[in-house]
Amino acid sequence: MVGLATVFGAGGGTSSYSEVEQTDLIVMWGSNARAAHPIFFHHVLKGVRNGAKLYVVDPRRSETAQWADLWLGLDVGTDIALSNTIAREIIHAGLANRGFIERATSNYEAYAASVEEWTLERGSAVTGVPAGAIRELAHAFATAPTAQLCWTLGITEHHNGVDNVLSLINLALLCGHVGRPNAGLNPLRGQNNVQGGGDMGALPNRLPGFQDVEDDAARAKFDAAWGSVIPSRNGRNLTQMFEAMSEGSLTGLFVVGENPAQSEADVSHAVHLLESLDHLVVQDIFLTKTAELADVVLPGSASWCEAEGTVTNSERRVQRVRKAIDPPGGARDDIAIIVELARAMGHDWPNRSSEDVWNELRSLSPMHRGMTYARLEELGGIQWPCYSEDALEPTFLHGRLWAERPEDRGRLAPFSVVVDEPPVESCTPEFPLRLTTGRRLDSYNTGVQSGGFSSPLRFGETVDVSPEDAASLGVADGEVVRIASPRGAVTAPVRVDPALRPGLVFMTMHFPDEVNTNLLTIDAVDPKSGTAEFKAAAVRIERLEAAVAGD
């Protein structure tokens, strides 16, 4: 969200799913949507069937890459190098959209100067992508009448993830692929309703509706409605919270619907900090590993079937959620829990329905003002922004950038000068392999929600290695090996995967009770977003005496 908000003022994808089906070219960058976002990938396939060219940029020849017209298999952590090389080729080929650049952007000259050193030859040497492939993508993206550029955690889970996003936005600005139908930038959210959480103000620097916490007028509006005094400074993101725990300045934590005891990088350190808290409260629908550490557990409701409310997806579409059954046992509606906690702390909050809460939001967030429950029901969902109850905005954002009159364009979209930086942890003779992490189609995150049922697609945790590395290490498919990083070690069976290039290994975080992959990952974080570098750790693989798993 940070990169999009920096350039455009709002942290939402700029297009709708239907536009992906109608565009001329699709770039999936750092996204294995076939496995991690299968519903969205159906829209991608519709676009391909309608004639769109599909380009995939990913270190692995993933399930998504296997559908591509061209796969660019870059080295982990070289996304900015590749983006800058594409940009230089577009500029030197005379394919930049100069009309849009002059009309709608700022800082172009500095950006163009910053990419000048990224010749095709240098970009190929740094990224590992053949120069011809880089040139093909550059020319195809620049000359396509419309294009969609999509990304996910393969871009953001780096120590410079926000800069990675800014580098992709630069390419869209360079070619005018934003602010018009079927052309845009689309981050695919890692979890259900991540977009909605950010929209509601679950960010350390934003109030609901992406209004700035440091904006005096915005705070005054909320203070008047809530009878509060909102602090004028930004709060802490998750990484900063853990830093504060380490320093001893944060001694109590309220965790809602999160499982940091298994999802954080360098997880043994994270667990130590959670155990050191004076007081830990967890509100969840499962007794997660984090909940097992808690002083108090508040059983909440399953929002998809046990509560009324709304959900917002990656295309900014707000949809109604309807209660079908009551929460079991002592579990309670999440709003009711929050209200009771407020009362226990001396605040006389009234009982509120989900619609009451939603109407309060509408009164404070201009981009939600026109979304009544009745309209959401009638239309099957509405994309923000929706300023009026009797009108709908275009399905794409930032059309103002194409306005004829300068005064109608608003704030220009700035190009960002971003610098190629390798992963924090380099591969060494002691740890010669690059570990990257991701998801599989059958499982979800730390397995809390998906591990309770079987799947014919599930084969448990493995360490995936290339055929070349398997041969050089002398390991066989199914053989249990030890995987070690500077932080810890785990054992897992080998899965030989021809989709991997030599030097790259892949694991997931779906089975932490059996193979705790986050014992290996590094907690190097992006200072702008607080996201850890889950995509790049250095490891080695060692043979064990045991031959094959299950023997």
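Visitor: Which residue is the bridge partner of C150 in β6?

Guide: In β6, C150 has N186 as its bridge partner. Before we go on, this is a predicted model, in which local features need pLDDT of at least 70, side-chain atom pairs count only at pLDDT 80 or more, and totals for chains, interfaces and linings use all residues. Residues are numbered from 1 along each chain as its sequence is written, and side-chain values use heavy atoms, with hydrogens and water left out.

Visitor: How do you know that β5 and β6 pair?

Guide: Two strands pair if DSSP finds at least two bridges between them. Four bridges join β5 to β6 (residues 184–187), and the two run parallel, so they meet that definition. Strands here are DSSP runs of E with at least two residues, helices are runs of H or I with at least four, and both are numbered from the N terminus. β5 is also joined to β1 (residues 25–29) by five bridges, again parallel, with V27 opposite L149.

Visitor: What makes strand β5 largely enclosed?

Guide: Five of the five residues of β5 (residues 147–151) are buried, so the strand is largely enclosed by the rest of the structure. Buried means under 20% relative accessible area, exposed means over 50%, and partly exposed lies in between (1.4 Å probe, protein chains only). A147, L149 and W151 point one way from β5, while Q148 and C150 point the other way.

Visitor: Why is the pair of F210 and W384 called tilted?

Guide: Rings of Phe, Tyr and Trp (its six-membered ring) pair if their centres lie within 6.5 Å; planes under 30 degrees apart count as stacked, over 60 as edge-to-face and the rest as tilted. The ring centres of F210 and W384 are 5.9 Å apart and the planes stand at 50°, so this pair is tilted. F210 lies in the loop between β7 and β8 and W384 in the loop between β14 and α21, so the pair ties together parts that are 174 residues apart in sequence. Both residues are buried.

Visitor: And why is the pair of F222 and W226 called edge-to-face?

Guide: Their centres are 5.0 Å apart, with 65° between the planes, and an angle over 60 counts as edge-to-face. F222 and W226 are four residues apart in helix α13 (residues 216–226), about one helical turn. F222 counts as buried at 0% relative accessibility, whereas W226 is partly exposed at 40%.

Visitor: What makes the contact of K535 and E157 a salt bridge?

Guide: A salt bridge is a side-chain nitrogen of Lys or Arg within 4 Å of a carboxyl oxygen of Asp or Glu. For K535 and E157 the N to O distance is 3.4 Å, so the contact qualifies. The two residues are 378 residues apart and link distant parts of the chain. K535 counts as buried at 9% relative accessibility, and E157 counts as buried at 13%.

Visitor: Why is D216 called exposed while R219 is called buried?

Guide: D216 has 54% relative accessibility and so counts as exposed, whereas R219 has 10% and is buried. Their side chains meet in a salt bridge of 2.8 Å, N to O, and the residues are three apart in helix α13, about one helical turn.

Visitor: Why is I338 called partly exposed?

Guide: I338 has 33% relative accessibility, so it counts as partly exposed. This residue lies in helix α18 (residues 334–344).
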